[in-house]
Amino acid sequence: MNELLTHCYRIYCHLARAFPHEFRMVCGDGLEQLGADFLPMVWREQGLRGLFRCFADLGIRLPMEYLSTWIRRSKELIMTDDLFEGTWKANNEKSKWDPSYTPEQACLRFEATDDGYLLVAYGIKDGEAVAERPTTIIPDGRRRPIVDLNGRPVQGVPPGAVAFGSQPDPHTIEAGAEADGKVLGKGTYRVADDGRSLTVTTEGMGLKGPFKTVAVFERIVPDPYMPQA
């Protein structure tokens, strides 16, 4: 191998090692070995023109691989297998809170279960951290007694109260509670088509009286509750 070919191979190896980690995890040192095997043959058959074409191809492929890796990571971060699953943070500027129930911060977390979702709401109100009782949403249209996660009656809930839920389309969940045929509270959760935002419309009776809110939540990326690579 002449001196020019030796320099070309060194440059080729540097470029090969500059490819994204994900690419190298799959190919290992295969690209470098390809250069060792391929460059001498190209030099013999096509000379400088062939070497130039090899480096041009490598130079085009390198940014394309980084772009492909970036797009793949973005999709993984933005979208999950389930449209609702994940952690969402309220954008107060886009939300219309009831004056009696306006928080400084509000977050929702949907966790997919075998038959629906576990919904956890928490945030900061009047400078203090607050959290609501975790709620199970089973969007199958049936009505079920309101119980806690251990199957026990919930203190403060009227006797005979039932929870209901439905999913009219993949982007929308409706859930609520009623007692003696009277709705105690209900909410509609709708994920935007791009999967980035969640609009929650809720109304009912709270400790400070009736309320109605329209809150816009944005998906937290990456999810703070998921292990990160």
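Which residues is Phe-84 in contact with, leaving aside its neighbours within four places in sequence? I looked this up before anything else.

**Entry: ground rules.** I am reading a predicted model, where local features need pLDDT of at least 70, side-chain atom pairs count only at pLDDT 80 or more, and totals for chains, interfaces and linings use all residues. Residues are numbered from 1 along each chain as its sequence is written, and side-chain values use heavy atoms, with hydrogens and water left out.

**Entry: Phe-84.** Contact means heavy atoms within 4.5 Å. On that basis I listed Phe-110, Tyr-117, Gln-167, Pro-170, His-171, Thr-172, Ile-173, Tyr-189, Val-191 and Leu-198 as the partners of Phe-84.

**Entry: whole chain.** I noted three helices and eleven strands. Helices (H or I, at least four residues) and strands (E, at least two) are DSSP runs, numbered from the N terminus. From that end, the order is α-α-α-β-β-β-β-β-β-β-β-β-β-β. The chain has 229 residues, and 36% of them count as buried. Buried means under 20% relative accessible area, exposed over 50%, and partly exposed in between (1.4 Å probe, protein chains only).

**Entry: cores.** I then turned to the nonpolar cores. Such a core is a set of buried Ala, Val, Leu, Ile, Met, Phe, Trp, Tyr and Cys residues joined through side-chain atoms within 4.5 Å. The largest has 20 residues, and Phe-84, Leu-108, Phe-110, Ile-137, Tyr-189, Leu-198 and Phe-217 have the most contacts inside it. At least two residues of this core come from each of β1 (86–90), β2, β3 (117–125), β8 (172–179), β9 (182–191), β10 (197–206) and β11 (209–219). Another core, of eleven residues, lies apart from the largest one and includes Leu-5, Tyr-12, Leu-51 and Leu-62.

**Entry: β1.** Is this strand mostly covered or uncovered? I found four of the five residues of β1 buried. Next I checked its partners. Two strands pair if DSSP finds at least two bridges between them. β1 and β2 run antiparallel, joined by four bridges. In this pair, Gly-86 stands opposite Phe-110. β1 also pairs with β11 in the antiparallel sense, over three bridges. There, Lys-89 stands opposite Glu-218.

**Entry: Ala-112.** I found Ala-112 in strand β2 (residues 105–112). How exposed is Ala-112? It is partly exposed, because its relative accessible area is 36%. Not counting residues up to four places away in sequence, Ala-112 touches Glu-85 and Tyr-117.
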